[in-house]
Amino acid sequence: MFNRNIVFPILIIIISAVILAFIPQFTVPIYYQQDASVGAKFFPTVLVIAQIIICIALLIQHQKNKQKIKKTSAIFSKTSLFGLCFLVLYAVLIGLLGYLIASLISFTLYLVYLKTKTLSYYLFAYSFVVAIYYLFSHVFIISLPEGIIF
């Protein structure tokens, strides 16, 4: 039987390695008018390398804790399926509404799904989205996706 603590990190490492091979093709930003302080390759490269490092750490952690864990859970759980559906919905919303509005809606739906009633979680989520928007649009001068509708 497949162990999800091994299968998924290895799968992500392989996918990340393939993506890392294609990143050099990102030489010019999509929006030519932006004057970015970093090139189009920078953020995808950082994210892919971070994914590889995290997956290697997960594999090492699993090897260290292998003796302690007797029972393994199924490869797919309800939470993982919700996460997949959530990401697909988020990607569709970004295309339609743009980063800012789609992120605010998505964070709200995610917190509602988790039955979070603490107001500070919602405020932190909204502050995080606005801070990321400000960081990319005003500090890094990188355009975030604009939606078809807004």
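The model is predicted. It contains 5 helices and 0 strands, in the order α-α-α-α-α from the N terminus.

**The chain as a whole**
- Of its 150 residues, 19% count as buried.
- Among contacts between residues at least 6 apart in sequence, 67% join residues at least 24 apart.

**Helix α3**
- Helix α3 covers residues 78–97; at 1.5 Å a residue, its 20 residues should span 28 Å, and the 27 Å between its end C-alpha atoms agrees with this.
- Phe86, Leu93, Ile94 and Leu97 are the buried residues of α3.
- Seen down the axis of α3, the buried residues fall within an arc of 100°, so they line one face of the helix.
- An α-helix has 3.6 residues a turn, so residues three or four places apart point the same way.
- The cover over the buried residues of α3 includes α4 (99–113).
- Leu84, Cys85 and Leu87 are exposed on the face of α3 turned away from its buried side.

**Nonpolar surface patch**
- Phe76, Leu81, Leu84, Val88, Val92, Leu96, Ile148 and Ile149 form a nonpolar patch on the surface, with about 810 Å² of accessible area together.
- Ile149 lies in the segment after α5 (119–139).
- Ile149 counts as exposed because its relative accessibility is 55%, and exposed means over 50%.

How values were computed:
Residues numbered from 1 in each chain as written. Predicted model: local features only at pLDDT ≥ 70, side-chain atom pairs only at ≥ 80, totals over all residues. Heavy atoms only, no water. Helix = DSSP H or I, 4+ residues; strand = E, 2+ residues; numbered from the N terminus. Expected span 1.5 Å × (residues − 1). Buried < 20%, exposed > 50% of the residue type's maximum accessible area, 1.4 Å probe, protein only. Arc of directions from axis to C-beta. Contact = heavy atoms within 4.5 Å. Patch = residues over 30% accessible without salt bridge, like charges linked within 9 Å, V, L, I, M, F, W, Y side chains within 5 Å. Areas by Shrake-Rupley, 256 points an atom, 1.4 Å probe, with all protein chains shown as cover. Salt bridge = Lys/Arg side-chain N within 4 Å of Asp/Glu carboxyl O.
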